[in-house]
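Please examine the sequence and the structure shown below before reading on. The briefing that follows is arranged by topic.

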Amino acid sequence: MYRAYREGLKSIIYKIGYDYDIDIVELEIPVDHIHMVIRGEPKISPSDVMQIIKSISARELFKRYPDIKRRYFWGGKLWTQSYFVETIGNATEEVIRKYVQDQLSELDKKEKSADQLGLF
């Protein structure tokens, strides 16, 4: 996903968080997936949070950028049905936030090393 679309998707997800009282603590969008740290109320299940974010963000992103639906998402779907949720218990919130923050810099390092071809 190109940077402009990623920034648009970020703003959509932050707005969803605001509208639904979901605290989006950290959010990074590498090329083909998303890392988020979310602080939520115990009354809302993680699966409900993901359903809200995925359904509204797809609808809003395609409304904002109708060209990408035809160009990049042949089946017309932004999200797969799967997701991974981990509650904070084995690591501190600080460690998990740092991990999410570092995802784009790690991706940049991998892309730079892949662009450099060796002679032998």
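The points below describe the overall fold, the core, and selected residues and pairs.

This is a predicted model, in which local features need pLDDT of at least 70 and side-chain atom pairs count only at pLDDT 80 or more, while totals for chains, interfaces and linings use all residues. Residues are numbered from 1 along each chain as its sequence is written, and side-chain values use heavy atoms, with hydrogens and water left out.

**Overall fold**

- The protein contains five helices and two strands; helices (H or I, at least four residues) and strands (E, at least two) are DSSP runs, numbered from the N terminus.
- Read from the N terminus, the order of the elements is α-β-β-α-α-α-α.
- The protein has 120 residues, of which 29% count as buried; buried means under 20% relative accessible area, exposed means over 50%, and partly exposed lies in between (1.4 Å probe, protein chains only).
- The accessible surface amounts to about 8,900 Å², and carbon and sulfur atoms account for 54% of that surface; such areas come from the Shrake-Rupley method with a 1.4 Å probe, and for residues only the protein chains shown count as cover.
- Of the contacts between residues at least 6 apart in sequence, 58% join residues at least 24 apart; contact means heavy atoms within 4.5 Å.

**The largest nonpolar core**

- A nonpolar core is a set of buried Ala, Val, Leu, Ile, Met, Phe, Trp, Tyr and Cys residues joined through side-chain atoms within 4.5 Å.
- The largest core has 18 residues, and those that touch the most other members are L9, I13, I24, I53, L61, I68 and L78.
- Two or more residues of this core come from each of α1, β1 and α2.
- Helix α2 gives the largest share, six residues.

**The aromatic pair**

- A pair of aromatic rings is described by the distance of the centres and the angle of the planes.
- Rings of Phe, Tyr and Trp (its six-membered ring) pair if their centres lie within 6.5 Å; planes under 30 degrees apart count as stacked, over 60 as edge-to-face and the rest as tilted.
- One aromatic pair is found by this rule.
- Y5 and Y65 form this edge-to-face pair, with 4.9 Å from centre to centre and 75° between the planes.
- The two residues are 60 residues apart and link distant parts of the chain: Y5 belongs to helix α1 (residues 3-19), and Y65 to the loop between α2 (46-64) and α3 (66-72).
- Y5 counts as buried because its relative accessible area is 12%.

**Salt bridges**

- Side chains of opposite charge can pair when their charged atoms come close.
- The structure holds four salt bridges, each defined as a side-chain nitrogen of Lys or Arg within 4 Å of a carboxyl oxygen of Asp or Glu.
- One of them joins K10 and E28, whose closest N and O atoms are 3.5 Å apart.
- This pair links distant parts of the chain, with K10 in helix α1 and E28 in strand β1, 18 residues apart.
- Both K10 and E28 are buried; E28 has a relative accessibility of 13%.
- Another salt bridge joins R39 and D23, with the closest N and O atoms 2.9 Å apart.
- R39 lies in strand β2 and D23 in strand β1, so this pair ties together parts that are 16 residues apart in sequence.
- R39 is partly exposed at 41% relative accessibility, and D23 is also partly exposed, at 35%.
- K63 and E60 form a salt bridge as well, with the closest N and O atoms 3.3 Å apart.
- Both residues of the K63 and E60 pair lie in helix α2, three residues apart, or about one turn of the helix.
- K63 is exposed at 58% relative accessibility, whereas E60 is partly exposed at 30%.

**Residue H35**

- H35 is part of strand β2 (residues 35-39) and counts as buried because its relative accessibility is 14%.
- The side chains of H35 and H33 make a polar contact of 3.0 Å; a polar contact is a pair of N or O atoms within 3.5 Å, and within protein one must be able to donate a hydrogen and the other to accept it, while residues adjacent in sequence count only if both atoms are side-chain atoms.
- Apart from its neighbours within four places in sequence, H35 is in contact with E26, L27, E28, P30, Y99, V100 and Q103.

**Residue D21**

- Most residues other than glycine have a negative phi, and most peptide bonds are trans.
- D21 is not a glycine, yet its phi is positive, at about 55°.
- D21 lies in the loop between α1 and β1, and at 59% relative accessibility D21 counts as exposed.
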